[in-house]
Amino acid sequence: MRTMIKWAGRVILILALAAAGAFFLVLPPRVDNDLNAVVPHDPWPVSAEAQALHDTLRVADLHSDLLLWSRDPLRRYDRGHTDLPRLREGGVVLQVFTSVTKTPSDMNYETNDSTSDDITLLAIAQRWPVDTWGALFNRARFHARRLHRAEARSNGDFVVVETRDELSAALAAHEQNPGLVAGILGTEGAHPLEGELANISRLHDEGYRVVGLQHFFDNELGGSLHGMSNAGLTAFGRAAVRDLLEQGFIIDVAHSSQAVVREVLDMTDAPLIVSHTGVRSLCETPRNIPDALLAEIASRGGLIGIGFWADVTCDDTPDGIARAIRYAADRFGVGAVALGSDYDGSITARFDASEMAALTHALLAAGVSEADIRAVMGENQIRFFLENLPPQ
């Protein structure tokens with residue numbers, strides 16, 4: 001009997017270890033693959049003319065959630081949408097990498113409460129440091145340090161930029177090293193502040209320069225576009241916006257309620273970004289804020305990042321995204337339009353970062369001029385950050 005008990009204990013241990021192995025080693029990449037799918041497709045058409053133009057572009061994108069997933073940014077993967085090798089293949093020179101620190105269960109575009117958090121289980125499964133399991137600021141810090149570690153291991157092929165001078169230097173270095181990619185750190189919502197204004201300077205110290213005010217739920221700063229209240233800024237939110245601007249942050253209102261966007265516009269003349277969105281009059285969805293707010297953001301020197309997924313464009317093929325870009329340029333001015341892919345943000349895409357030339361081809365086919373293609377594919381974003389990052 002004692003021998004049977006001993007063997008039973010070993011079997012239970014083996015099964016427990018197997019289950020743990022599956023949880024830590026199998027589950028995270030499977031979830032990543034399922035949530036960040038690329039629809040299987042034949043190669044998208046890219047004419048010789050389009051490829052020749054694309055090869056001269058400095059492509060830039062306002063929104064990738066790569067840091068959420070257990071992928072080494074320096075390695076090329078066959079899952080998800082972005083990594084540095086694929087960004088290089090797509091001609092990307094400047095990428096904003098955002099930190100996702102909390103998402104509600106059953107996430108949707110209409111109403112979400114803030115009581116649940118699916119990132120906790122993901123953090124445990126991906127073996128993030130224990131101090132990130134229950135602390136949102138620590139998650140943002142972990143993501144920032146991951147990106148800085150990638151920079152340190154890149155042999156000079158990747159740099160995280162925090163100032164205009166650093167971005168200028170990176171662009172100059174890119175002329176000599178076409179494989180160099182520059183990154184900027186941003187947050188997907190300001191809940192990593194955890195209700196403390198002192199955490200603004202701590203985010204700054206970690207290298208963040210773009211802060212989204214909300215994500216899919218109302219937070220301490222105010223209402224989300226997808227929250228329960230539709231409220232504007234709280235008293236803490238108004239204080240946080242003032243401090244963020246004083247410390248040189250760029251504010252992103254991509255997931256903010258209409259009331260929050262309106263109140264931020266009333267508080268400041270600083271240019272804002274909507275990092276990943278569509279245009280409501282082209283694609284009617286609660287995910288897109290009204291055109292009037294986009295127009296006001298554009299008129300003040302802000303940027304509108306056109307997303308690469310069907311929920312915001314109503315057509316996520318290269319032709320469909322080109323249509324959305326041209327529509328936004330016609331409606332708000334070409335200088336206000338940028339790319340805002342939302343790659344690796346739990347979206348299904350029709351092409352990944354390595355296939356950006358397909359979008360250049362689609363824009364040419366849509367009758368967009370080469371100068372305007374150059375602007376929307378990256379130069380608008382580069383100019384914006386050269387003008388709006390802290391000087392040094």
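In which sense, left-handed or right-handed, does α9 pass α10? In the predicted model, α9 passes α10 in a left-handed crossing. Helix α9 spans residues 258-267 and helix α10 residues 291-299, and the two pack at an angle of about 25°, with their axes 11 Å apart. Because angles under 35 degrees count as roughly parallel, α9 and α10 are roughly parallel to each other. On the α9 side, the contact is formed by Gln258, Val261, Arg262 and Leu265, which meet Leu293, Glu296 and Ile297 in α10. The residues of this contact comprise four nonpolar, one polar and two charged.

Pockets were also examined. The largest pocket has a volume of about 590 Å³, and its lining consists of 30 residues. Of these, Leu35, Trp69, Thr103, Met107 and Ser346 lie nearest the pocket centre. Two or more residues of the lining are given by each of the elements α1 (2-35) and α4 (119-125). By residue class, the lining of the largest pocket divides into 17 nonpolar, seven polar and six charged residues.

For the second largest pocket, the volume is about 230 Å³. A total of 18 residues line this pocket, and His54, Asp55, Leu57, Arg88 and Gly91 are those nearest its centre. The elements giving two or more residues to this lining are the helices α2 (48-54), α3 (84-89) and α6 (164-176), together with strand β2 (92-99). Six nonpolar, seven polar and five charged residues make up the lining of the second largest pocket.

Key
Residues numbered from 1 in each chain as written. Predicted model: local features only at pLDDT ≥ 70, side-chain atom pairs only at ≥ 80, totals over all residues. Heavy atoms only, no water. 1 Å grid on protein atoms, 1.4 Å probe; cavity = no way out; pocket = protein on both sides within 12 Å on 5 of 7 lines; lining within 4 Å. Points joined across faces, edges and corners; volume = space filled by probe spheres on them. Helix = DSSP H or I, 4+ residues; strand = E, 2+ residues; numbered from the N terminus. Nonpolar A, V, L, I, M, F, W, Y, C, P; charged D, E, K, R; others polar. Axes fitted to C-alpha atoms, helices over the stretch in contact; angles between N-to-C directions. Parallel < 35°, antiparallel > 145°, perpendicular 65-115°, else oblique. Left-handed = near helix turned anticlockwise from the far one by under 90°. Contact = heavy atoms within 4.5 Å.
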